[in-house]
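Hello,

Here is the structure you are taking over. Please open it first, then read the notes below it.

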Amino acid sequence: MKRRIRSIFWLMAACILGINGFQAYWLYNTYQLTGQQFDRTTREALLAVVQRQLLGGARQLVQGEQKGVSRRVMLQEFNSDAGGQIERIVVSPQSAPPDTGRRVLRSDRLIITTRQPSGQRRAAADTAARTISRIIMNDWIGSRHVNLPQLLAAYQAELRLRDVQTAVKLDTLTVPVAEPMLAANVPNKPAPAGYPVQTPPIPLNPIRSVFVQASFPTPTPYILRQMGGLLAGSVALLGLTTGCFALMLSTILRQKKLSEVKNDFINNMTHELKTPLATVSAAVEAMQNFGALNDPQKAQTYLSISQKELQRLSDLVEKVLNSAVEERQQLTINPEPVRPAELVQELVARHQLQASKPVRFEVDIEPSESLSLDRLHVAGVINNLIDNAIKYSREQVTIAIKGRRDETGWRLTVQDDGIGIPRSYQAAVFDRFFRVPTGNLHPVKGFGLGLYYVRQVVERHGGHIDVRSEPNRGSEFSMWLPV
Amino acid sequence: MPSILLIEDEPALGMIVKDSLEVRGFTVRYAADGQEGLELFRQQCPDIVVADVMMPRLDGFSLAEIIRRDNASVPIIFLTARSQPADVVRGFELGAMTTSKSPSAWMS
């Protein structure tokens, strides 16, 4: 049984560790992926903002350039596919070629849409594209100023749109490289203090090799925010699983303990009930089959033993029956004036005469104290407590009995230096038929009724009893009765 | 006649069983608990051991385990009222010949 429970425990522990391991691995992977997602989002956001910025700048440039010749070129829609098809060109109304289809979008703009390119249309498109490129290149060559605060504001807005809320720093760097459009070739600028995570440099002005780079603090808060639900779910699941396992294990252990108590009870009752029967049976057999009847003295001894054993059996049956009856019918208490000091002194004297081992009593009770108690039952209670202190001790025992009055009642403690009671069984010692399991060892005879009776009597007086004990150090039973 | 070591913590039962065995000619040594029984076993080397199971200090099953380590062949009879299958099986596992509280039952 023990080995099986140990196996279950180790299997459970392995299971929990495995689940924890997998969860940790999974969460770590998710953490890494979320970190990569952060890098990608910040990079894409910067790229988008820079492109918008460049596009906006180019649009202003082209608009400004064309104003002199009273032409307006809008660059919102300028695409060409692999076949060189020009799908849409947006130009001012005055400059529209005469043979193109026209559609008025807004009052001041025209969109020219062609499905099939013709030589004239292609020439018009190429001219427009070359003009625009020249204007932008000229601007890039001449431009020195970068409006960083404006770019930063746009970048922060873009990050918010993409649900990335974190501090950010933008910085430009000028690095002459062979192919400025390939940002991968550009070495990073040293990260600012407290901003260790950086996007790759994004080309802002490829002609002058000006790049912009964003720096962020460690993205852990962002990642944890993103993984909040996952983390909470995982922790809850792990807690639930571990809790279930712990509950299961504690139930198994409790069941095991109950099973031990039950087996011990059955064994004890079997032993206590069958031993007198076996003794009488052996005596009768001895007289019948082993010639004991031929020896009158021996026969008399056997008969005497039989009588004693039958009486013992009768007492046991009576005790069990009484306890069953007492459970249904409350004990009747007949209070009368009692001096506890005298009562205890009588019991101590009796036990000193009967004890089978050296017993030292230390009694400390106010002699003049008088209480209203049921003399018979309270004597039974104190007798049981002294009896237990002697029975559950080693070769000799010291028993200290103290009686003290407090504000509302009277407290009696019976303390011994005996074998003690394991903590896990202390709460059960007042239960009916309970005995601390000892397996096949049978050091002390009894039925588990003594302390049950003690509790019944104390509770019928309106009091309570509890025990403090430490194995191999001794026990202290403390009884409180209201006055 | 073979010598018997009788180990029983109930003095009355122990006395009756001891007398009954002696009437049949056995030499009987009596011990009142398992520990005393083990000491006597080591001193006397009896031919048969008759032991109770539930005893103070050292129970019958534990005593039998120790005896079996020293002496694999000595017959052991458990003198017990316990008749649950698990107890009977445990008794036989330890090489007991029989388990019964009745002297005539195991003597036969």
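Which unit do strand 1 of chain B, helix 1 of chain B and strand 2 of chain B make? They form a β-α-β unit, and it is right-handed. Please keep in mind that this is a predicted model.

To place that unit in chain B: the helix covers residues 11-23. Strand 1 of chain B covers residues 3-7 and strand 2 of chain B covers residues 27-31. The two strands pair with each other in the parallel sense, over five bridges. As an example of the pairing, B:Ile4 has B:Val28 in strand 2 of chain B as its bridge partner.

Now to chain A, starting with the overall numbers. Chain A has 483 residues, of which 40% are buried. Its secondary structure consists of 10 helices and 15 strands. Among the contacts in chain A with a separation of 6 or more, 67% are between residues 24 or more positions apart.

A:Asn20 lies in helix 1 of chain A, which spans residues 2-67. Is A:Asn20 buried, partly exposed or exposed? Its relative accessibility is 28%, so A:Asn20 counts as partly exposed, since that class lies between under 20% for buried and over 50% for exposed. In sequence, A:Asn20 and A:Thr242 are 222 residues apart, while in space their C-alpha atoms are 9.7 Å apart.

Regards

Methods:
Residues are numbered from 1 along each chain as its sequence is written. Chains are lettered from A and ligands numbered from 1 in the order in which they are written. This is a predicted model: local features need pLDDT of at least 70, side-chain atom pairs count only at pLDDT 80 or more; totals for chains, interfaces and linings use all residues. Side-chain values use heavy atoms; hydrogens and water are left out. Helices (H or I, at least four residues) and strands (E, at least two) are DSSP runs, numbered from the N terminus. Buried means under 20% relative accessible area, exposed over 50%, partly exposed in between (1.4 Å probe, protein chains only). Contact means heavy atoms within 4.5 Å. Two strands pair if DSSP finds at least two bridges between them. A crossover is right-handed if, with the strands pointing away from the viewer, the path from the first strand over the helix to the second runs clockwise.
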